[in-house]
Amino acid sequence: MEPRDGRARARRAPRLLVLVLLLGAHPGAQAEVRLSVPSLVEVMKGEPVALNCTPLGTHDHFVLEWFLADRSGVRHRLASAELQGSELQGRVLDSRGRSPPYQLDSRGRLVLTEAQVGDEQNYVCVVRAGAAGTAEATTRLQMFAKPEATEVSPNRGILSVVDDSAQEIATCNSRNGNPAPQITWYRNGQPLEVPLEVNTEGYMTIRTVREASGLQSLTSTLYLRLHKADRDASFHCSVRYHLPTGQHGRLDSPAFHLTLHYPTERVQFWVGSPSTTEGWVREGDSVQLLCRGDGSPSPEYTFFRLQDKQEDVLKTNLEGNLTLEGVQRGQSGTYGCRVEDYDAADDAELSKTLELRVAYLDPLELSTGEELSLHLGNSTAVNCSVQGLPTPALRWTKDSVLLGTGPTLSLSSITFDSAGTYICEASMPTVPLLSRTQSFRLLVQGPPQLRAEETQPKTEGSWMEGEEVRLVCSARGYPEPKLSWSQLGGSPAEPALQGQGWVSSSLTLKVTSALSRDGVSCEASNPHGKKQHVFHFGSVTPQTAQAGVAVMAVAVSVGLLLLVVAAFYCMRRKGRPGCCRRGEKGTPPAGEPELSHSGSERPEQTGLLMGGASGGARHGSGGFGDEC
C-alpha cells in the first residue's frame with residue numbers, strides 16, 4: 001500500500017538534503033553514490049507517514065536497506081530492497097513487534113500507516129551500488145500529539161487575605177500530549193508572571209510525567225498571596241502545545257473564582273422600600289431596614305433601637321434585614337446596626353445608625369357639619385383643622401376649582417351660585433400618596449329667582465292665530481321652588497341643563513286672540529317668597545283668508561258631486577225617448593208605466609227625480625221637467 005505521503009510532506013520541517021559521497025572500496029575507483037533523505041519528518045499521532053530515501057543519478061543495480069537506530073546506537077534492520085532492471089523489489093524483514101507492521105512501497109520508502117509514540121526514532125537508509133560505492137543517511141521522525149482538554153482544580157476552601165504568605169490557588173493539568181506543553185496562569189485575562197522559586201508573594205510548580213503510552217502529562221500548581229481586591233478576580237490556566245511546521249495550539253481551562261475571607265472595614269445601613277427621598281415612611285406601611293458589611297463571609301448583624309441612650313436589641317441574623325410590620329408614629333426614632341466581626345481591625349467602623357421618621361395624617365375636622373345653610377347675601381368662614389407630621393398643606397376646592405390655601409375658607413355675600421360642595425384637602429409634598437379630604441355642602445336659602453325663555457313668532461312682527469308655541473320657565477332657590485302656569489298642560493319641574501340648582505317647566509299651546517289679550521303667566525314659589533313672569537304675544541293676526549279658501553273648496557266639491565249624480569241618472573235613463581232633453585208636457589210615452597211619488601217601481605229613479613226637482617217649479621201633475 002502506498003501511503004498518502006503528500007500529507008506527511010506538508011507537515012515536514014525544513015529539511016536538509018544529505019548528500020553522501022563515498023569512494024569505492026578498491027583503490028583507484030572513481031564511482032560515487034548520492035542520496036536524497038530529509039533529516040526531519042514531522043507527523044501527527046495516528047496519521048500515516050512515509051520516510052523517503054532516493055538515490056540520485058542513474059544506477060543499473062543497487063541494494064537499499066532501512067535500519068532503526070536505538071538510543072544506544074545499535075542498528076536493527078527493518079527492510080531491504082534490490083533494483084533489478086527497472087523495478088525495485090523489496091520486503092520487510094523485521095517489524096520489531098510494531099502493529100500495524102512497517103511497509104515498503106515500490107519506491108523504497110519505509111511506510112508507517114499510523115504514527116505512534118514509539119515511532120519517534122532515528123531511521124537510517126543505506127544504499128550499496130557495487131563499484132559505485134555505498135552511501136547512508138539518517139532521518140529523524142518526530143510525532144506530535146494534541147493534549148486532552150485542560151483541567152483546573154481550584155482551591156474550594158476559604159482563603160484568608162490576612163495570611164502574609166502565598167497560598168495554594170489551583171492546580172492545572174494537561175494530559176497525553178507530545179512534546180510536553182507549556183502552562184501559563186491568568187488573572188482577569190492578564191498572564192501572571194510568577195517564578196518557579198518559592199517566595200511569599202507568589203510562585204508555581206511544574207511536574208512532567210511520561211505516561212505508559214509514551215505521551216506526556218504536565219501539572220502546574222499556582223501559589224499566590226491574596227488581597228481583598230481578588231474577591232471578584234477571575235482565574236484560569238492555558239496550555240500551549242506544539243504542532244508540525246513550527247505551529248502551536250492553545251487550550252484554556254474554565255474560569256473560576258476564589259472564596260476569600262477578609263474582615264469588615266465598612267458598614268452601610270439604610271431604609272429600604274417603601275421610603276421617600278426625604279427618608280419618611282408612611283404610618284401603617286411595612287418598612288425594611290437593610291444593613292450590609294463589606295467583609296466575607298457574611299458576618300452576623302445585630303439591629304437595635306436607641307432609647308434614652310440605651311440599646312434595645314431588636315434582632316440578630318446573618319441576612320442583614322429587619323422588617324417593621326405596620327409601623328406606627330411611636331416607632332419613630334434612632335435605629336442602629338452593628339456587624340459582629342472579630343477579625344476586623346481595631347479602627348474599623350462596624351456600627352451605623354439612622355433616623356426613622358414615620359409620617360402620619362389624622363382625619364380632618366371642619367368647624368361646620370356636613371351641611372351649612374345660609375341666607376342669600378350672608379357671609380361666613382369655615383375652618384379646617386388637621387394633625388400630621390410633617391406639617392401638611394391645606395387647600396380648598398369647589399367643583400375642582402382651587403378657591404384658596406390654608407385652614408380658613410371665607411365666604412362673603414353669598415349667592416345661589418355659591419351653593420354646592422366645598423372640599424378641604426390635606427397633603428404632604430414630601431410623602432406621596434399620604435393625603436386626606438373632608439367636605440361640606442353649602443345650602444343658600446332665599447326667594448326664587450325666575451328666568452323665562454321668550455319665544456319669537458314665525459312671522460316677523462306678529463303671531464298668527466292657531467300657531468303652536470312652547471314656553472319655558474326656570475327657577476332656583478332654597479327650598480327648591482315650585483313652578484305653576486296660568487294655563488293647563490304645564491310639565492312637572494325637573495333639573496335644568498344649566499345646573500347650579502335651576503329647575504325648569506315647559507308649556508305648549510296654540511296662540512289665540514284671548515291669549516294675546518290676557519297673556520300666559522308662570523309662577524315660582526317657596527317659603528321665602530314667589531315670583532311671576534307673564535308671556536305676552538302682542539297682536540295676533542286672524543285666519544280670514546284661510547276661511548275664504550275653505551268655503552270655496554267646499555263649493556267646488558259640492559258642484560263636482562252634483563255633476564256626478566246627473567251623469568249617473570242620464571246613464572240609467574239611456575235608451576228612453578226624451579232622456580237628457582227637455583221632455584214633453586202631459587202623459588208619458590206609451591209603454592212606460594206612470595211614475596208616482598208613492599209608487600214602488602224603480603224607487604231609485606224616483607228618488608233621483610225628486611231630488612232633481614226639489615230646487616225648481618214642478619211642471620204639471622206627475623210630469624217631467626228639465627231632467628238633465
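## Nonpolar surface patch

Met552, Val556, Leu560 and Leu563 make up a nonpolar patch on the surface, and their accessible area together is about 440 Å². Patches consist of residues with over 30% relative accessible area and no salt bridge, where like charges are joined within 9 Å and nonpolar side chains (Val, Leu, Ile, Met, Phe, Trp, Tyr) within 5 Å. Accessible areas come from the Shrake-Rupley method with a 1.4 Å probe, and for residues only the protein chains shown count as cover. Leu563 is part of helix α3 (residues 544-572). Helices (H or I, at least four residues) and strands (E, at least two) are DSSP runs, numbered from the N terminus. Leu563 has a relative accessible area of 60% and is therefore exposed; the term means over 50%, while buried means under 20% and partly exposed lies in between (1.4 Å probe, protein chains only).

This is a predicted model, in which local features need pLDDT of at least 70 and side-chain atom pairs count only at pLDDT 80 or more, whereas totals for chains, interfaces and linings use all residues. Residues are numbered from 1 along each chain as its sequence is written, and side-chain values use heavy atoms, with hydrogens and water left out.

## Strand pairing

Three strands form an open sheet in the order β30-β32-β36, with antiparallel pairing. β30 (365-366) and β36 (408-411) are at the edges with a single partner strand each, so one side of each has no neighbour in the sheet. Two strands pair if DSSP finds at least two bridges between them. Four bridges link strand β32 (residues 380-385) to β36 in the antiparallel sense, and Val382 stands opposite Leu409 in β36.

Antiparallel pairing also joins β34 to strand β37 (residues 420-427), over six bridges. Here Ala393 has Ser427 in β37 as its bridge partner. β37 pairs in turn with strand β38 (residues 435-453), in the antiparallel sense and over eight bridges; Arg441 in β38 is the bridge partner of Thr421. Val401 belongs to strand β35 and is partly exposed, at 48% relative accessible area. Val401 and Tyr422 are 21 residues apart in sequence, and their C-alpha atoms are 9.9 Å apart in space.

## Backbone exceptions

Most residues other than glycine have a negative phi, and most peptide bonds are trans. The bond joining Leu389 and Pro390 is cis, with omega about -5°. Pro390 sits in the loop between β33 (388-389) and β34 (393-398). A cis peptide bond also runs from Tyr478 to Pro479, with omega near 0°, and Pro479 is in the loop between β40 (468-478) and β41 (482-485).

Asn188, a residue other than glycine, has a positive phi near 55°. Its place is the loop between β15 (182-187) and β16 (190-191), and Asn188 is partly exposed at 49% relative accessible area. Asp399 is not a glycine either, and its phi is positive at about 55°. Asp399 lies in the loop between β34 and β35 (401-405) and is exposed, with a relative accessible area of 53%.

## Salt bridges

There are 23 salt bridges, each defined as a side-chain nitrogen of Lys or Arg within 4 Å of a carboxyl oxygen of Asp or Glu. Asp105 and Arg109 form one, with their closest N and O atoms 2.7 Å apart. Asp105 is buried at 8% relative accessibility, and Arg109 is buried at 1%.

Glu283 and Arg329 meet in a salt bridge at 3.0 Å, N to O. Glu283 lies in the loop between β23 (280-282) and β24 (287-293) and Arg329 in the loop between β27 (321-324) and β28 (333-340), so the pair ties together parts 46 residues apart in sequence. Glu283 is partly exposed at 27% relative accessible area, as is Arg329 at 34%.

Glu349 forms a salt bridge with Lys352, the closest N and O atoms being 3.8 Å apart. Glu349 is partly exposed at 45% relative accessibility, and Lys352 is partly exposed at 31%.

One cavity of 30 Å³ or more is found. On a 1 Å grid over the protein atoms alone, a cavity is a set of points where a 1.4 Å probe fits but cannot get out, and lining residues have an atom within 4 Å of a point. Grid points are joined across faces, edges and corners, and a volume is the space filled by probe spheres set on the points.

The largest cavity holds about 40 Å³ of space. Its lining is made of Glu454, Thr455, Trp463, Val469, Leu471, Phe535, His536 and Phe537.

Notes
On a 1 Å grid over the protein atoms alone, a cavity is a set of points where a 1.4 Å probe fits but cannot get out, and a pocket is an open set with protein on both sides within 12 Å along at least five of seven lines; lining residues have an atom within 4 Å of a point.
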